[in-house]
Amino acid sequence: MPNKAQLDKIKAGQGFIAALDQSGGSTPKALRLYGIEEDAYSNDAEMYDLIHAMRSRIAQAPSFTGDRVIGAILFEMTMDREIAGKPTATYMWEERGVVPFLKVDKGLAAEENGVQLMNPMPELDTLCERAVKADVFGTKMRSVINAANPEGIKANVAQQFEVGKQILGHGLIPIIEPEVNITIDDKAQAEEILLAELKSQLDALNDDQTVMLKLTLPEVANLYKPLVDHPRVASVVALSGGYSRAEANARLCQNTGMIASFSRALTEGLSAQQSDDAFNGEIAETITSICDASKAG
């Protein structure tokens, strides 16, 4: 069963969820934006050490606490490491009051019918068992929608919920994330189709099954309000999806009940070269702006 105190914190939604789950493919870009070029490391081990150092610096910033950051999504390797001498998930909850989640997907399949489904996850049960032992509360998994294709979107959402039910069986709360690509011309139409498919899948859940949703900020304000209000949904969080922090915050303010779960927009402006005072000041301003946008929505 999920930790009740953590579930209550997520449902209350007084803050936002930090996405600290860049995977192997996106780590070089995240480090580059942080001021660390690829010539600063010579192999994957050194790269992952550097990204963990960045995440640890963020997690230990004075402003990174549960009064504004209610959750954090971790990469598998981050879960397996420590921050300040404690396992990362334990540190997040015990020291920061931040609810820990784990990214569980293994990347995207090739596009078909306008969508990219998740790659197979044959070791998901084992990973979920490890997550439970590590005191993780929930999971996150991402697939992508690149066109308003009804067949593709239906398959995308069906896969998300099929895997979500497997995760629920371990007592973890899954974050369902069918991301709509912000660059497509038919984004608004894709979101209408997505809304219908999500409602259909949510309505089919049992009364004891609770999920979270992570969705691209929509073209029509409050499009996803029926999902925010759905009894099977603990929280609806927004991904920044490539929008600047200013744009993401502005869109978030227009969507009642949605809270932020930003990755790139969270780390925007941070640099490995900053002094601790400069770094902590920058992340404090970022956390305040994202939290305010979450509460305004």
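Mentor: Buried means under 20% relative accessible area, exposed over 50%, and partly exposed in between, with a 1.4 Å probe and protein chains only. Helices (H or I, at least four residues) and strands (E, at least two) are DSSP runs, numbered from the N terminus. The model is predicted: local features need pLDDT of at least 70, side-chain atom pairs count only at pLDDT 80 or more, and totals for chains, interfaces and linings use all residues. Residues are numbered from 1 along each chain as its sequence is written, and side-chain values use heavy atoms, with hydrogens and water left out.

Trainee: Which residues of helix α1 are buried?

Mentor: Helix α1 spans residues 4–12. An α-helix has 3.6 residues a turn, so residues three or four places apart point the same way. The buried residues of α1 are Gln 6, Leu 7 and Ile 10.

Trainee: Within what arc do the buried residues of α1 fall, seen down its axis?

Mentor: The arc is that of the directions from the helix axis to the C-beta atoms. The buried residues of α1 line one face of the helix, because they fall within an arc of 100°.

Trainee: At the start of α1, which backbone nitrogen does a side-chain oxygen of Asn 3 reach?

Mentor: A polar contact is a pair of N or O atoms within 3.5 Å; within protein, one must be able to donate a hydrogen and the other to accept it, and residues adjacent in sequence count only if both atoms are side-chain atoms. The side-chain oxygen of Asn 3 comes to within 2.9 Å of the backbone nitrogen of Ala 5.

Trainee: Is Asp 105 buried or exposed?

Mentor: Asp 105 sits in the loop between β5 and β6 (115–116). Its side chain makes a polar contact of 3.0 Å with that of Lys 103, and a polar atom of the Asp 105 side chain lies 3.1 Å from the backbone nitrogen of Arg 142. With a relative accessible area of 6%, Asp 105 is buried.

Trainee: What is the relative accessible area of Leu 266?

Mentor: Leu 266 belongs to helix α11 (residues 264–267). Contact means heavy atoms within 4.5 Å; not counting residues up to four places away in sequence, Leu 266 touches Phe 16, Ala 18, Ala 19, Leu 20, Ile 283, Thr 286 and Ile 290. Leu 266 is buried, and its relative accessible area is 0%.

Trainee: How does Gln 60 count: buried, exposed or partly exposed?

Mentor: Gln 60 is in the loop between α3 (44–59) and β2. Leaving aside neighbours within four places in sequence, Gln 60 is in contact with Ile 83, Ala 84, Tyr 91 and Arg 96. Among these, Tyr 91 and Arg 96 are buried residues of α5. At 41% relative accessibility, Gln 60 counts as partly exposed.

Trainee: How much space lies in the largest pocket?

Mentor: On a 1 Å grid over the protein atoms alone, a pocket is an open set of points where a 1.4 Å probe fits, with protein on both sides within 12 Å along at least five of seven lines. Grid points are joined across faces, edges and corners, and a volume is the space filled by probe spheres set on the points. The largest pocket holds about 690 Å³.

Definitions and conventions
On a 1 Å grid over the protein atoms alone, a cavity is a set of points where a 1.4 Å probe fits but cannot get out, and a pocket is an open set with protein on both sides within 12 Å along at least five of seven lines; lining residues have an atom within 4 Å of a point.
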